[in-house]
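Subject: Handing over the structure

Hello,

Please have the model in view while you read.

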Amino acid sequence: MASLNKMSKASRRNYLTCGLVILAYILLQVMSGSLSSSLKGMLVPICAYVVMAVSLNLTVGILGELSLGHAGFMSVGAFTGVVASTFFQNLIPFAPLRLALGMAVGAACAAIAGFLIGIPVLRLKGDYLAIVTLAFGEIIKTVFTNLYVGLDSSGLHVSILEDNTELAEGGKLIISGPMGMGGIEKISTFTAGFLLILITLAVVFNLVNSRAGRAIMAIRDNRIAAESIGVNVTKYKMIAFVTSAALAGASGALFSMNYSTIVAAKFDFNMSILVLVFVVLGGLGNMLGSIVAAAVLTILPEALREFADYRMLIYAIVLILVMLVTNNPILQGYLGRVKGVFTGKRGKKEAA
Amino acid sequence: MNFLNFLISGISLGSIYAIIALGYTMVYGIAKMLNFAHGDVIMVGAYICFFAASSFGLPPALGILAAIAVCTVLGMVVERLAYKPLRQAPSLAVLITAIGVSYFLQNSALLLWSSTPKMFPAFFVLKETAADGKETVRNSLQLFDGRLTISFVTIVTIVTCLVIMAGLTMFISHTKMGKAMRACSEDKGAAQLMGINVDGTISMTFAIGSGLAAVAGVLLCSAYPTLVPTTGSMPGIKAFTAAVFGGIGSIPGAFLGGLLLGVIETFAKAYISMQLSDAIVFAVLIIVLLVKPAGLLGRQIREKV
């Protein structure tokens, strides 16, 4: 207990987050017999969305820049990850290792994409930065929609716009333009997703609690002040942005290897927005919030299946109401009084 | 002649983008928020006009007026219910709310009008009765022995855009409301101290923007007649891009950005690649923003320490 008390509030919170994730994993494993098949099918996507949400939270919550193209990095990770795992299909017979390799390649490629995109993006500010990330997301989507990658005995063949891969006998087209990727090996597992979440949390928490993390938050809070005390703004922004992109890439690889076919159009603007909604609903900079929001909001549309036609409408209304309740001072004051009645004391009014 | 044809259709597409972008830029300039639901207001306008014309058999002009009226009210109601309570909230919260409104409108449309595509009726046609009593329907103007074809939709779109642009400029610079809008976009607090009804002004901005969106919806669906609940989202994103391209908050900027974006998109489709046109448009946007970080006509605001 003594060591627990010595820990800072932030690191206690971080351990709590990791502990809750592990607890959730153990609970789900124990209950795996009684879970419905639709929920079971959603476990891997939930893990992927959780990783997406945590990684986007690094950009939006910690770095303080709005990114509307996070799905683009997921897309890069998904496509390169599947190509890598297909490439090694005969060399490495052990599926989990291939999955790990696919995720690593996906993360690396997304990190490179993040670096290249970061060079122009991080020079801009605010809404202009947001629109450029949106633009990059759309560009990545368009490029992958028109990309053809084939594999045969002589190696990988790549062509764009038209299928000029000219594969040898026995070759296989991995990415076939607008048709996306077909015949993907479904090697993603819930355990792999769980491990990826833990790795993501470890990376993000360690980054945030490091010298670099404090520099990043200083830039978020006041760029000019940070710059004036010698923080290299571009460098630290880039660290956060590339880390976030790499994690999204790993998540994309995990996500895509859960389905047998996937198209580039899946990773569109709506996907980016969906992940952004997880982050904002969970609370900016709050990783546990992102995890919970990602999990709940992925299950919610399924749970509302009885209302079939109305579920997306309800989802929209829930989203608006949550935003109004958490951000409107009048409603918040009212909520505070209700809370005060329940806890038996007057809600202390905090100074604005 | 091909070049001229592409140029004209590019300007026409750009005019639609410009009309939508005007709505984005006005709302941004005055309420300092990105109204992501703007694209879906376009869709609502198009549906209203479609049903007015097909179910109630109203003439096109009345259909358009109905669409404008409904969208204006819709814009004001959305502003009152969803955005006004968040006036003091961080901009991200407002953005998410706008996304929620966008989802809400799309899904309401899906429930009300189903996802089956509707074929938008052709409004802008010319019925001619020849000497022998035969009726022919023309939808385009042939020039230079048929080498240059300009459809009536194109002409109407370009003219409408010019009229709207001129009208809006007059409104902003010469009326009391326009002056109030400029004051609000400059400094809301100071405007309020001068006795300007800030809430009313913002509401008015939404009304105008949404009314313009209805016009854009009708023009868009006259040019590309398939109408589904997601019709508005891609033009919405493109128009938003156009607004940023020209410098968000600036009305001439939205006009210029819209036109340029339309022309670039059409030329990219025609001369480079059909499939990659979207990527090219966005790439041009990125290059422009790198050279001019506040857009073409945007004001660079210097940060004060």
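A word on conventions comes before the findings. This is a predicted model, in which local features need pLDDT of at least 70 and side-chain atom pairs count only at pLDDT 80 or more, while totals for chains, interfaces and linings use all residues. Residues are numbered from 1 along each chain as its sequence is written, chains are lettered from A and ligands numbered from 1 in the order in which they are written, and side-chain values use heavy atoms, with hydrogens and water left out.

**Where the chains meet**

The contact (heavy atoms within 4.5 Å) draws 45 residues from chain B and 42 residues from chain A. About 3,800 Å² is buried between chain B and chain A, with carbon and sulfur atoms giving 80% of that area; buried area here is the accessible area, for a 1.4 Å probe, that two parts lose on being put together, summed over both. Ile96(B), Tyr103(B) and Leu111(B) supply 16% of the area that chain B buries against chain A, which is more than any other three residues.

Helix 3 (60-83), helix 4 (91-113), helix 9 (233-246) and helix 11 (277-291) of chain B each give at least two residues to the side of chain B that touches chain A, where helices (H or I, at least four residues) and strands (E, at least two) are DSSP runs numbered from the N terminus. Helix 4 of chain B provides the largest share of that side, 13 residues. The residues on that side of chain B divide into 34 nonpolar, 9 polar and 2 charged, if Ala, Val, Leu, Ile, Met, Phe, Trp, Tyr, Cys and Pro count as nonpolar, Asp, Glu, Lys and Arg as charged, and the others, Gly among them, as polar.

How many salt bridges are there between chain B and chain A? The count is 0, a salt bridge being a side-chain nitrogen of Lys or Arg within 4 Å of a carboxyl oxygen of Asp or Glu.

From the side of chain A, one residue to look at is Ile320(A), which is found in helix 13 (residues 311-327) of chain A. Ile320(A) is buried, with a relative accessible area of 12%; buried means under 20% relative accessible area, exposed over 50%, and partly exposed in between (1.4 Å probe, protein chains only). Leaving out residues up to four places away in sequence, Ile320(A) touches Ala82(B), Thr97(B), Gly100(B), Val101(B) and Phe104(B).

**Salt bridges**

A search of the whole structure finds 11 salt bridges over all chains. In one of them, Arg98(A) pairs with Glu185(A), the closest N and O atoms being 2.5 Å apart. This pair links distant parts of the chain, 87 residues apart, since Arg98(A) sits in helix 5 (residues 95-121) of chain A and Glu185(A) in the loop between strand 3 (172-176) and helix 7 (190-208) of chain A. Arg98(A) counts as buried at 3% relative accessibility, whereas Glu185(A) is partly exposed at 25%.

Glu138(A) forms a salt bridge with Lys141(A), with 3.4 Å between the closest N and O atoms. Glu138(A) and Lys141(A) are 3 residues apart in helix 6 (residues 126-145) of chain A, and so are separated by about one helical turn; both are buried.

**Aromatic pairs**

The structure holds 20 aromatic pairs over all chains, where rings of Phe, Tyr and Trp (its six-membered ring) pair if their centres lie within 6.5 Å, and planes under 30 degrees apart count as stacked, over 60 as edge-to-face and the rest as tilted. The rings of Tyr24(B) and Phe240(B) have centres 5.4 Å apart and planes at 35 degrees, so this pair is tilted. Tyr24(B) lies in helix 1 (residues 2-31) of chain B and Phe240(B) in helix 9 of chain B, 216 residues apart, and both residues are buried. In chain A, ring pairs join Tyr49(A), Phe255(A), Tyr259(A), Phe267(A) and Phe278(A) into a cluster.

**A backbone detail**

Lys32(B) has a phi near 55 degrees, a positive value in a residue other than glycine. Lys32(B) is placed in the loop between helix 1 and helix 2 (38-54) of chain B, and at 43% relative accessibility counts as partly exposed.

With best wishes
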